[in-house]
Amino acid sequence: MKRQIKKIAVIGSGIMGSSIACHFANIGLQVLLLDIVPKELNDREKQKGLDLSHPLVQNRIVNSNLQAAIKSKPAPLYNTSFASRIVTGNLDSDIDKIKDADWIIEVVVEKLAIKQKVFELIEKHRKPGTIVTSNTSGIPIKYMNMDRSQDFREHFAISHFFNPPRYLKLFEVIPGPDCKKEVVDFLMHFGTKFLGKTTVLAKDTPAFIGNRIGIFGIMSMLHIVKELDLTVSEVDKLTGPVIGRPKSATFRTVDVVGLDTLIHVANGLYDNCKDDESVALFQLPDFMKTMLDNKLLGSKTRQGFYKKEKGHKGTSTILELDLNTLEYKPTTKASFETLNATKTIENVADRFKILIKGEDKAGIFYKKTFAALFAYVSNRIPEISDELYKIDEAMKAGFGWQHGPFEIWDAIGLDKGLELIKTENLTYAAWIDKMKEANISSFYTIKEGKKYFYNQISKESTKVPGQDSFIILNNIREAKTIWSNSEASIQHLGDGVLNVEFQSKMNTLGSGVLQAINKGIDLAETEYDAVILGNQATNFSVGANLAMVFMLAVEQEYDELNFAVQYFQKTVMRMRYSTCPTLITPRGLTLGGGCELSLHADKVIAAAETYTGLVEFGVGVIPGGGGTKEMTKRVSDIVLKDDVKLNRMREAFINIAMAKVATSAHEAFDYGYFQPHKDIVVVNDFQQIATAKQHAVQMLNDGYLIPAPQKVKVLGQQVLGMFRVGADSLVAGKYASEHDRLIANKLGYVMAGGDLSEPTEVSEQYLLDLERDAFLSLLGERKTLERIQHMLKTGKPLRN
């Protein structure tokens, strides 16, 4: 039976329930969000003379929870307008509405008795065949299933989201013993394709996969930290980006999640994993018990492993907890020789071998933590998963690791990993020896662009499932690259479609990247058929190479700067008017020049989590790579009355002047960075390049035609005065500096088309020339150079 989901019912509107409801709204579904009714009136309700039967009172809990979620940061919705897809109600008056739901998700408090009451209520009102899932993080299915009907059990599973549901990719599916295979298959497919998740099929074991390994890693590390007498800031230095983990590393992450949450899961594992060889590590260290008693829980109590303290002059100081005295002290900058040895190694996977060679505290820390991790994950197979790749996928998607445990082990080497384990007197699983006996020395291999893992059941390499709908550049780069330089490479994806992959630091747009884009178009116009600009880094591109721009500006190499800006402009215009389709796949940060590339592609295939904008104002210049021209053109292209067009032009001006960055691909449509008639959003970013290829082939099959150049109607003095008055008002109100006014006036001059006496149709090149002149003149300003220098040093814009 083909199952379609049109409406979701979410029972429970707490942080997770409301956030899950928001994410289903993100993908376009109708959502019914229900919660209990209040037992008593609050003061405001009493003042209004309401009673407990009034709808405002009955829905107070669900409405206040949902609004709190919508206002929270990071935002759970791609666009605040999507909140209209969520209808709220309560379990007394609206429970019968779940009969119209195609999937009902329970997200109430983690107490079995309460869940059982909710399931009893659901069973009375659901239509037969409706999927019912629980977001429990650990209650066994056999208890939740108790006394339920056969149809309920056949359609019941756990669907475990990680918090926050919009951002963390892990979606664990745990079927009940009676759950139908078609239900499991549907949940796996829906999670991947529509929710954009890394969907992992797990067993009904304590904490499933992600939290079982993740919490072990934290608890094991905490014991090692005490042994080595490491500080909080030292641990976060060792467990952050240097090993491909989030910037929040360990202790900052615990502060955000809440120490009480960590302790709850750890206690659950200690109580329910008595056969686990490492169960003792789930016992709380004494300092954690004291922290819990003293309410040092993290962000929710404003103090945890870190604490922000304001001085008498209003300045803030970050303090860290001394794990020995449990008193706060100023944070210190951690430094280790072992880390220094990896500074020149860009690829994280190549750092691991270096890290375990260190003889200082850092080196010892890595040896001990990796040994414990390797031993533990080997022993969890087949307990929590029969296939090792699921453990790696869970840790990458749920905890933000760049590499899973078995991938790290491969990077270090199988034998070296075993040596670390033996040195620490730990034991690993017997299947590892059988793997070695079969002369298999790595957990993963790449064959014909596909990833294979060692299958301990069949004792041979097996293809990781689910890859056929993806194009993974890491797997095909070596075999499919047809051209490369030091900053980029070009792969042939098949069917005449090329992909230009940026490989510079932070994917900055230097001459090497621009050369690759032009080479890709050359090849597509002569030997192939279409070109995609696509990479699978965390961030598509942070924009131009500011360090190079700063150096040329300081040395007053204006001819070189002019050539560089002109080269960028010619590149984006070539994307616009080439004889082949050009597509682009932005994701993550797509700023400045990255945004300008998107503005000029024939089609944008954007990841939902794309944060894009023209941010040049923040470093003292205007968009100089066609961005100012294109935003002016997009307003000009709209057939509107003059007064409406003036308002749209003002909005475009403000977006650039305020360096506005869209917080999702959907919001980018509101800002005009993407266009509804041609650009699309993909929720699962692993599908981006494959989707772009499909669209490229379709564009070719439909008969691709070069866009015809069009004139741009600029408004001249009619709009220039409006821009200048606005800038003057901001300066007068002390919201902007004199330097801000200078930049704004330059921007306004370009968007107006110059000081023209009446509306005039001009060419795109005319605007590009104005844009380039303004850009270069601003680089001659001392204040602009100060802003660029500040950005290079701190990564943050400076307002002066």
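Q: Start with the second largest pocket. How many residues line the second largest pocket, and which lie nearest its centre?

A: This is a predicted model. The general idea comes first. Rolling a probe the size of a water molecule over the atoms shows where empty space is left. Now the case here. The lining of the second largest pocket has 30 residues. Nearest the centre lie Glu-630, Arg-634, Asp-637, Gln-675 and His-677.

Q: Which elements give two or more residues to the lining of this second largest pocket?

A: Five helices are on the list: helix 24 (558–577), helix 25, helix 26 (627–637), helix 27 (642–657) and helix 28 (665–671). Helix 26 contributes the most, with six residues. The space in the second largest pocket comes to about 680 Å³.

Q: How does the lining of the second largest pocket divide by class?

A: Count 13 nonpolar, six polar and 11 charged residues in that lining.

Q: Is helix 25 mostly covered or mostly open?

A: An α-helix has 3.6 residues a turn, so residues three or four places apart point the same way. Now go to residues 593–600, which form helix 25. This helix is mostly covered, with eight of its eight residues buried. The buried residues are Gly-593, Gly-594, Cys-595, Glu-596, Leu-597, Ser-598, Leu-599 and His-600.

Q: In which sense do strand 15 and strand 16 pair?

A: Strand 15 pairs with strand 16 (residues 488–494) in the antiparallel sense, over three bridges. Take one of the partners: Thr-481 is bridged to Gln-491 in strand 16.

Q: How many bridges join strand 2 to strand 3?

A: Strand 2 (residues 30–35) and strand 3 run parallel and are joined by five bridges. Asp-35 has Asn-90 of strand 3 as its bridge partner. Four of the five residues of strand 3 (residues 86–90) are buried, so the rest of the structure largely encloses this strand.

Q: How many cavities of 30 Å³ or more does the structure hold?

A: The structure has one such cavity. The largest cavity holds about 40 Å³ of space. Its lining is made by His-23, Tyr-78, Arg-166, Lys-169, Leu-195, Gly-196, Lys-197, Ala-608, Glu-609 and Val-683. By class, that lining divides into four nonpolar, two polar and four charged residues.

Q: Next, a single residue. Is His-403 buried or exposed?

A: Buried is the class for a relative accessible area under 20%. His-403 is buried, at 14%. This histidine sits in the loop between helix 17 (388–399) and helix 18 (405–412). Leaving out residues up to four places away in sequence, His-403 touches Val-348, Ala-349, Phe-352, Lys-396 and Ile-408.

Q: Last, the backbone. Which peptide bond is cis at Pro-74?

A: Most residues other than glycine have a negative phi, and most peptide bonds are trans. The bond joining Lys-73 and Pro-74 is cis, with omega about -5°. Pro-74 lies in the loop between helix 4 (60–71) and strand 3. The bond from Asn-163 to Pro-164 is cis too, and its omega is near 0°. Pro-164 belongs to the loop between strand 6 (156–161) and strand 7 (170–175).

Q: What is the phi of Asp-229, and what is that of Asn-425?

A: Asp-229 has a positive phi of about 55°, though it is not a glycine. Asp-229 is in the loop between helix 9 (210–228) and helix 10 (232–238), and is partly exposed at 42% relative accessible area. For Asn-425, phi is near 60°, again positive. Asn-425 sits in the loop between helix 19 (414–423) and helix 20 (430–437). At 70% relative accessibility, Asn-425 counts as exposed.

Technical notes: Residues are numbered from 1 along each chain as its sequence is written. This is a predicted model: local features need pLDDT of at least 70, side-chain atom pairs count only at pLDDT 80 or more; totals for chains, interfaces and linings use all residues. Side-chain values use heavy atoms; hydrogens and water are left out. Buried means under 20% relative accessible area, exposed over 50%, partly exposed in between (1.4 Å probe, protein chains only). Two strands pair if DSSP finds at least two bridges between them. On a 1 Å grid over the protein atoms alone, a cavity is a set of points where a 1.4 Å probe fits but cannot get out, and a pocket is an open set with protein on both sides within 12 Å along at least five of seven lines; lining residues have an atom within 4 Å of a point. Grid points are joined across faces, edges and corners, and a volume is the space filled by probe spheres set on the points. Ala, Val, Leu, Ile, Met, Phe, Trp, Tyr, Cys and Pro count as nonpolar, Asp, Glu, Lys and Arg as charged, and the others, Gly among them, as polar. Contact means heavy atoms within 4.5 Å.
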